[in-house]
Every structure is written in structure tokens, then in C-alpha cells.
Amino acid sequence: MDNRQFHNPPLVCVIPGDDAAPEVMRPTVEILRELVPEIRFTEAPCGREAQAQYGTPFPDVTREAIDAADCTLFGASGGPSRPILWYLRWNKETYINVRPVRWIPGYRSPMLHPERIDYVIARDNLEGMYPPREGDVAELAALPSSSNWWMAPPVEKVGAYSIKVSTDEQMQRVANYACELALQRQAAGYPGRVTLGAKYSIQPRTDGRFRTLVKEAVSRHPGLTYQEFLVDDMARRLVASPETLDVVVLGNEHGDILADVSSGTIGGLGLSPSACYGENYAYFEPVHGSAPDLAGKGVINPTAMLLSGALMLDYLGYNKQARALTSAIEQTYQEGTLLPVDQGGQAGTHEFVQAIRARLTEHGS
């Protein structure tokens, strides 16, 4: 799935992020240090702090820290740190975004039967509609293929266009990763089912080709099963029948949207971790944004950041410690006496992290 060769001991670049993000990043790093003392963490300046010190939100010293590290732990961007995120994504070619979606007892889900929710989204992280490639609609007149479109572009009008890019190389990488992920999950007791959500009925050259490549990739693994749905129906199924899902494969913009729907079904963005993997690099970040409305209040939910840290430990090979951290989080929620504010509790960020730390200490982690 990648070509992992790490420093010994591993080196992690920490980007605290914007607004309230550092309030969950720093206690997460403290817990990770306690779990695996040998990991070296180096914090790099970002955003407004970097702008004030270096005259840019993404100084060379931060780029160098990212390049020198085995992976990056990223807080969240509210705008100022976005150039760093784009570097981690496109310059480091982290081609797949993996978002686990699993309800844990104690999560404040709006669903009647949230126990049915346990799947993973594998999303294209490089192509589709992102990064933005836009221009004036009149420019489309110069495209030779535009004369063959079902409806000619209104080049005589004032307006804009946005391009969706899909290369076979990237779609194949996403398809292969989804299959490997399904095989891993199947070995752990999951059904080994790959589900594609795309708009292949309307976009045959892009989503239709993606459909073909995913289906072919799954067919090379006789133990896996395949199903596909138009992406609008896929959105419905995330809510109506999540128990039918195992590994969900989505394009970039579709995955961006539907992953937040998935987060909503388990209880909110504050619960959802993510990992972005490339052939030679990875970064880990919570799904939620930088929460400027919560900055300085000490109440932002650290769960997504902590679970992203657990994904990072797995990536670096510290599987036992990753399981210990995940288990401590689960136990804290299941007990239900100390929950974050967004999950109906009264615990601030510090109190909730302390409860998880106490769980880890109890079990000798």
C-alpha cells in the first residue's frame, strides 16, 4: 500500500493548525508521547503565528520540517494554514483519504439504530474538482471536444467553469487501495465488500471510467464482493442502511461531502478522524475544521484529533499503543460520566483528555 521506511526512532512533524485546533493538538501529542516515548515530535510554525514571525503562513522552516519527517500530524485549517495542507496533499502526493466511520456507545447519534454504523470511506485525495481549476466560460469555446457535448457551453454569456480531472493512474491507485483495505478488514471479520458511489450515469468519461476500474480491481480478488450506487442514492444509504457498507469508494468532491454526512450519523464532526496516505508519506488530521467560535473556550472535542493520532501510531507500526488509545476513548464514552459538551456532557477539553489518560494509566499503557 506504500513504501514505508521510517527514521529510527520515527520523526513526526506537528502542525498545530488555526483557531481552536491547537487546543486539541497539544494534549493529543502529550498522550502520544506518553504512549510511545521514543517518537520524536517537532512542532512547526503555521498560520497567523508564522505570518507574524516569518511574514508568511507557510515559511521554509515548516516545509523543511514536513520534508524531514516520516509523517505529519495536522490540526485543522481555518484559512491561514491552508497552503500547508495543500502542500501535504498535492506536493507530497498523499493520494488516498481514509475516514473510518464507526459509532461507539456514548456518541450522541441522531440515528435510531447507530450500532449498525461501522465502515470506512476511501476517497480520492488528489483529483476530481480539487484543486480548483476554473476560468471564464467563454474559454470553453476553444476546446475541440466542446462541439460534441450533449449541450454546448453558453460561451456567449458571462460566467465561469470548473474542471473535473480524472486520470487512470490515480483512479487505479484509489481502486487498489480500497481493495487492500477491504482485504484487511475481511481478515478482521468484516464482509470484504467494496461499494462505489459515483455519478457514472451522467459522467461516463470520468465517473464511468472510475466505475470500470474499481469493478475490475475488485474482480481480481475472488474473496471480495462489489456493489455500486449512484452517488445520490449512496447518500441515502449512509443514513438508511449503513449496515450494508464496509469499504465505500468515492471521488474527491463526493467523498468530501458524504464523509461529513457520515460524521453526522455517528454524532458529529468532532468524532471523526482521517488519514491521508501516499506512496512515501502520510498525514493525519481530524475531519472537523478549526472551530473559530470555540477558540479559547476550552470546550472543543478532542476525540477526532486523538483518534487521528491512533491512526498515526498504526501507520508507524505501534499497533498495540494505537489499540490502547482507541480502547481508552471507547471506554470513556461507554462509561458516560464524563463527556464532551458537543456529546451532551459537561467536560471541557482538558477534563476529557484527563479521563482518557486515567484509563490508559489504569491499563498500564
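User: Which residue in β10 stands opposite Leu 196?
Analyst: In this predicted model, local features need pLDDT of at least 70, side-chain atom pairs count only at pLDDT 80 or more, and totals for chains, interfaces and linings use all residues. Residues are numbered from 1 along each chain as its sequence is written, and side-chain values use heavy atoms, with hydrogens and water left out. Strands are DSSP runs of E with at least two residues, and helices are runs of H or I with at least four, both numbered from the N terminus; two strands pair if DSSP finds at least two bridges between them. Strand β8 (residues 193-198) pairs with strand β10 (residues 247-250) over four bridges in the parallel sense, and the residue opposite Leu 196 is Val 249.

User: Which are the edge strands of the sheet?
Analyst: The open sheet has ten strands with mixed pairing, in the order β2-β1-β3-β12-β11-β4-β5-β10-β8-β9. The strands that pair on one side only are β2 (40-43) and β9 (225-230).

User: Are α3 and α4 roughly parallel or roughly antiparallel?
Analyst: Axes are lines fitted to C-alpha atoms, for helices over the stretch in contact (heavy atoms within 4.5 Å), and angles run from 0 to 180 degrees between N-to-C directions. The axes of helix α3 (residues 60-68) and helix α4 (residues 82-91) come within 11 Å and cross at roughly 30°. Because angles under 35 degrees count as roughly parallel, over 145 as roughly antiparallel, 65 to 115 as roughly perpendicular and the rest as oblique, α3 and α4 are roughly parallel.
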